[in-house]
Amino acid sequence: MSDTSGEVRLGRAFFERDSPVVAPELLNKVLVVGECAGRIVEVEAYRSDDPASHTFRGRTARNATMWGHGGHLYVYFTYGMHFCANVVTSIEGDGQAVLLRGAVPLRGLEFMRRRRGGRPDRILADGPGKLCQAFGLDRSDDGTDLVRDPAVTIVDDGILPPMAPIVTPRIGIRVATDVPWRWVAPPA
DNA sequence: ATTGGGATCGTCT
DNA sequence: GACGATCCCAATA
């Protein structure tokens, strides 16, 4: 599956692995939502044996998508005002996902700027809540199939994941803070 | 450059 | 009824 721009959509098999394996592989891939596209530069892994994960305490209406099959988008609402987007990995019933924490805008900058209130380009999508606001993602996008839906997908444009990603503990959690499951692409 | 507080509501206890 | 896988602005240095 390719198009004239040389971008190749990620197939199902890409997502059918454990989240700490998929997460660093997602760095430098391109998130595409309608007219907007951005290079993924920051991610975190979560899974059900992990106290910081939404799936740690079992299945609920909110986290149902995260319990599903890899390659779908899990979008949740938090802090009364933010959405966060995750890529579900592994297989049905496993409860694993990769949180998309940051992207560098590539296309559709006009849409992103408008949704982000005209803030400077460098802070359009440099955080999980900001990323969702910039790309216009909300709960209505929860469950989207990234492999089959052309409007919301992830593509490989030939840029490899960073050879030496920055690895750190995850951000904004209060438990399992010792696990180094956050990956960041070094600044260009 | 860094820090601290307020906003705001769906979800689970 | 409490609290978040957060963000933004104001204040300080």
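Two strands pair if DSSP finds at least two bridges between them; helices (H or I, at least four residues) and strands (E, at least two) are DSSP runs, numbered from the N terminus. By that rule β5 (82–89) pairs with β6, through 4 bridges in an antiparallel arrangement. This is a predicted model, in which local features need pLDDT of at least 70 and side-chain atom pairs count only at pLDDT 80 or more, while totals for chains, interfaces and linings use all residues. Residues are numbered from 1 along each chain as its sequence is written, chains are lettered from A and ligands numbered from 1 in the order in which they are written, and side-chain values use heavy atoms, with hydrogens and water left out.

**Strands around β5**

- β5 and β6 form a hairpin with 6 residues between them, and Ser-90 in the turn has a positive phi of about 65°.
- Thr-89 stands opposite Gln-96 in β6.
- Tyr-74 has Asn-86 of β5 as its bridge partner.
- Between β4 and β5 the hairpin has 3 residues, and Tyr-79 there takes a positive phi near 55°.
- Of the 8 residues of β5, 6 are buried (under 20% relative accessible area, with exposed over 50% and partly exposed in between; 1.4 Å probe, protein chains only).

**Surface near DNA strand C**

- DNA strand C is surrounded by 20 residues, the closest being Tyr-76, His-82, Asn-86, Arg-116 and Gly-129; near means that a heavy atom of the residue lies within 4 Å.
- Of the atoms of DNA strand C within 4 Å of the protein, 57% belong to sugar and phosphate.
- α4 gives the most to this surface, with 3 residues.
- Lys-130 places a backbone N or O atom 3.1 Å from a phosphate oxygen of DNA strand C.

**Interior**

- The largest nonpolar core has 35 residues; such a core is a set of buried Ala, Val, Leu, Ile, Met, Phe, Trp, Tyr and Cys residues joined through side-chain atoms within 4.5 Å.
- Apart from it lies another core of 11 residues, including Tyr-76 and Cys-84.
- Asp-145 lies in the loop between α4 and β7 (152–156), and counts as buried because its relative accessibility is 16%.

Conventions:
A polar contact is a pair of N or O atoms within 3.5 Å; within protein, one must be able to donate a hydrogen and the other to accept it, and residues adjacent in sequence count only if both atoms are side-chain atoms.
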